[in-house]
Structure formats: C-alpha cells, structure tokens
Amino acid sequence: MAQYSLLNEETGDKTELPVKEGTVGPVGLDVGKVYAQQGVFTYDPGFTSTCSCDSAITYIDGDAGLLMYRGYPVDQLAQNSSFIEVAYLILNGELPNAQQLESFDQSIRRHTMINESLKRFFEGFHYDAHPMAMLTGVVGSLSAFYHDTTNNKDPHHREIFAHRMIAKIPTIAAAAYKRYFGQPFIYPQNHLDYSSNLLQMMFAVPAEPYHVDPVAAKALDVLFILHADHEQNASTSTVRLAGSTGCNPYAAIASGIAALWGPAHGGANEAVLRMLDEIGTVDNVKPFMEKVKNKESGVRLMGFGHRVYKNFDPRATIIREHCHKVLKHFGQENDPQMELALELERIALEDDYFRERKLYPNVDFYSGIIYKALGIPVNMFTPMFAIARAVGWVAHWNEMSSDASTRIGRPRQIYTGPAQRDYAAIDKR
Ligand code: ACO
C-alpha cells in the first residue's frame, strides 16, 4: 500500500496521512489530523474528492456504471426482488428469509396510518401548495408525535422509527396529492402491497370501487427499487449532517426531503417533463440543444449528467426498458414525449459537447414518462422519489446513529470577508 505524507515546505512539518481502505473502490487519505498538525485546511467545494464517512450500504462505480445495494447489483434486484424486500436488505444488510420478509412486510403494513390530527395539518396549506412543500412540513411534524422512540442510541427505538417512516411516507405523499385536488383523503388498505397501496391512496375515491392495475403497481415498485439508495448524495448527506447533531430523526428526514426537491437532484424528474413540454416537438430539438451548448441562457439538458456516473447510469438503462413496457400496456406506444426523449438522447450521445463532458441520461431522464403514463401529475414526481429514498435516508441515519465514533458534521471554510477592523460610529461612516 502506498504511503502518503504531506510536507509543509515553509515549516518542514510532515504529516503522515493514514490510508483508509474499503472493500472495493479507491482508498481514502485520512486528512483529519492535518489542521491540528500543520494548521492548514483541505479545500474541496462540492465534495468531489471527499469521503464524509464509512458506509456498508451502497457502492457505486461511476466509470463501470455499477450500483450495488449491500453488494447486490441493482439490475438483479430490479429483476427479481420487490421494493419491500430491497428495503429490508438496505436496512438490515442481508436479504431476508421468508419468515423475516413476512414479519417486516406485516410491520410496514401495520404502520401506514397517520394520526388524525396530523391529517388536519394539510388544511393549513394553500390549496395549490407544491406537494414537496407539504411533504417536507408534514414529515417534519411527525417529530411532534412520536416522543416514545427518539433515543437515537437505542436499536429498538431506531427500528420502530425506521418502520414508521417507511410506512407513513406514502400515506403523507398521497394526502398531499389529495389536498392538491381537493379530494377526500383515502385511508391505507393494509391487505395491499406497498406500491398498490400508494396507488389506491392516490387514485381511489369514496364514490366508487378502485382496482389497482398490477402492471402499474409493478412499474412503481421497480422505480422505487432503483431510487432506494445512492450512497452519499446531497439529500442523504443532508440527513446525515442534520442527524449528526442528535436532532429528532423525523426532522432529519424532513431536511433530506428539502434537499431532494432541488432541480439538480430529485427535482430533475419534474424538470425533465417541463423541459419536454417546452421543447414540444422533435423539430425543436436542434435549436434547444444549441441553447444548452452555448450555455448563455443557463439552460441544461435536464435528466443528463451525474456527479458520479461518467459512463452510464445503470438505473436509466433499466428505466428506459420499463418505459417501453409501461407505455405499451397503457396503449401509449407513440407517446410524443417518449419520442422526444429518445431523440434528445440520440443527439446528445453523438454530440461532442456531451461526449467530452461524459454526460449521459441519469435516473430521472425517463422516470417521469413512466409516472405520467401511470396518471401521476408532474408535481408528484419528486414526492415519488422521496418515498423510495426514505429507505436510504433511514438506513444511513441508522448506520450513523449506531456508530459510536460519529461526531457532529462541521465543515470549515476559507474566509474571504474583511480582515479584523474597528467599529466606526455612525457619523464616521
Ligand atoms: N446539460 C448541459 N451541460 C451540462 C449538464 C447538463 N445536464 N450537466 C453538466 N453539464 C456541463 C457543465 O456545464 C460543465 O461544463 P464545463 O466543464 O464546460 O463547465 C460540465 O458539464 C460538468 O458539470 P458540473 O455541473 O460541474 O457537474 P456536477 O457533477 O457538479 O453536476 C449534475 C452534476 C448536477 C447532475 C449536473 O450534471 C446537472 O445539473 N444535470 C442536470 C440536472 C439533473 O438531471 N439532475 C439529476 C441528477 S441524478 C439525481 O440527483 C437523482
């Protein structure tokens, strides 16, 4: 193993940098002692070269286009597993046996209801509030309800929190949807599986029976598997940073939901559909691409590019295949937005601007087209992402909270403001 040391040429001080090794992937130089020994900081805005923690949950090889949860490639899980089984895997580290799966599934089903007074919170939102605003607020409000399980150091408390969070977030997201449409909230039906229950809570109305389409439920389940975790992305890092203070776990998850909302992160699925709407027809693709490439307008090809994937995003490849299946099932094979998306992808993959910068479709380029085919409105796309990612947030919060060496996350800065100066009386300014 190579040794790394840091030499301060001015003082001659030398600091040996311990090397941290994981199971696979690049090693990390432990720079934790650099400031104490040499009085200098390390500087990495955007954290392109910085590991913030050890984690045994998810691994990404951005060059190979590989994503694994607990060692299992995501394509194998999407092909063979269910979202609930994957949630168990992400939370517990191993695939469940039949009895463990049954017991976990039952526990999630039994925690789907929300307190009736929590339901009334929705009345306080303006009728056209964005569902992500409601989701952030109402998930944060869960912290005011479950005082019995907030000891972050107690594994039993952490487990109950995990089950409550994963079970209740679809109910809250569906309630946000119903609030937006002015329809009555629909209670969860615990005989339904996770994805079917969500569709039922969103689309059933009290006036008539509702039958869940199994193809729609399966498509949603696959999307949820693909979105369940993605190591130290912006929202997960936000959950960890908030959680490192020892704050209420529901409040930590609410901070992750807020971070996910941004168009550079989970909000991209909504931004892709709005972009496709704006482009309108295939004829407008070329001028749109010119606008993206000249950068003047600040327009980006939404759903393209990723901080880690520099070859392809394996989730996008799986979603594109599912997109075709779902559109066919709903008789929308000739969906104009799908045609437009395929044309944008084709042009981008042949274009030097995108090739040189290693920009490929990411998970959100095609997911919106599936959501739309399922009848889910555009402003509910990011809440769908949040439902799935809640599993990852909870698992990371849990991993961090159970690690005795966790310290409060507290980055430093390069200060660029005025040097020290003396206060001047108002008539002297
Ligand atoms: N369209 C056009 N140009 C792009 C795009 C894009 N979508 N993404 C990156 N670029 C260009 C940048 O302008 C930059 O060009 P330069 O080298 O000439 O300055 C270069 O590619 C590198 O881009 P950065 O912004 O430095 O890359 P970073 O890793 O910081 O950002 C990000 C990654 C935020 C995902 C970016 O690619 C982006 O904004 N994509 C569109 C939004 C999107 O789809 N986000 C979802 C990501 S997946 C997820 O979070 C679930």
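I start with the largest nonpolar core, which has 114 residues; Val139, Met275, Leu301, Leu344 and Met384 have the most contacts inside it. A nonpolar core here is a set of buried Ala, Val, Leu, Ile, Met, Phe, Trp, Tyr and Cys residues joined through side-chain atoms within 4.5 Å. Buried means under 20% relative accessible area, exposed means over 50%, and partly exposed lies in between, with a 1.4 Å probe and protein chains only. Helix H18, residues 381-401, gives this core its largest share, 13 residues.

A word on the source. This is a predicted model, where local features need pLDDT of at least 70 and side-chain atom pairs count only at pLDDT 80 or more, while totals for chains, interfaces and linings use all residues. Residues are numbered from 1 along each chain as its sequence is written, and side-chain values use heavy atoms, with hydrogens and water left out.

A contact means heavy atoms within 4.5 Å.

Now the whole chain. The chain has 18 helices and 7 strands; these are DSSP runs numbered from the N terminus, helices being H or I with at least four residues and strands E with at least two. Its radius of gyration is 23 Å, close to the 22 Å from the globule rule for 429 residues, so the chain is as compact as a globular protein of that length. That radius is taken over C-alpha atoms, and the rule is 2.2 Å times the number of residues to the power 0.38. Of the 429 residues, 48% are buried. Among contacts between residues at least 6 apart in sequence, 70% join residues at least 24 apart.

Next, helix H8, residues 194-203. Why is H8 described as largely enclosed by the rest of the structure? Because 9 of its 10 residues are buried. Among them are Tyr194, Asn197, Leu198 and Met202. The buried residues of H8 pack against helices H3 (83-92), H4 (98-110), H7 (155-181) and H9 (214-227), and against H18.

Last, a loop residue. Thr245 sits in the loop between helix H10 (234-243) and helix H11 (249-260). Thr245 is partly exposed, with a relative accessible area of 49%. Thr245 and Thr406 are 161 residues apart along the chain, and their C-alpha atoms are separated by 9.8 Å.
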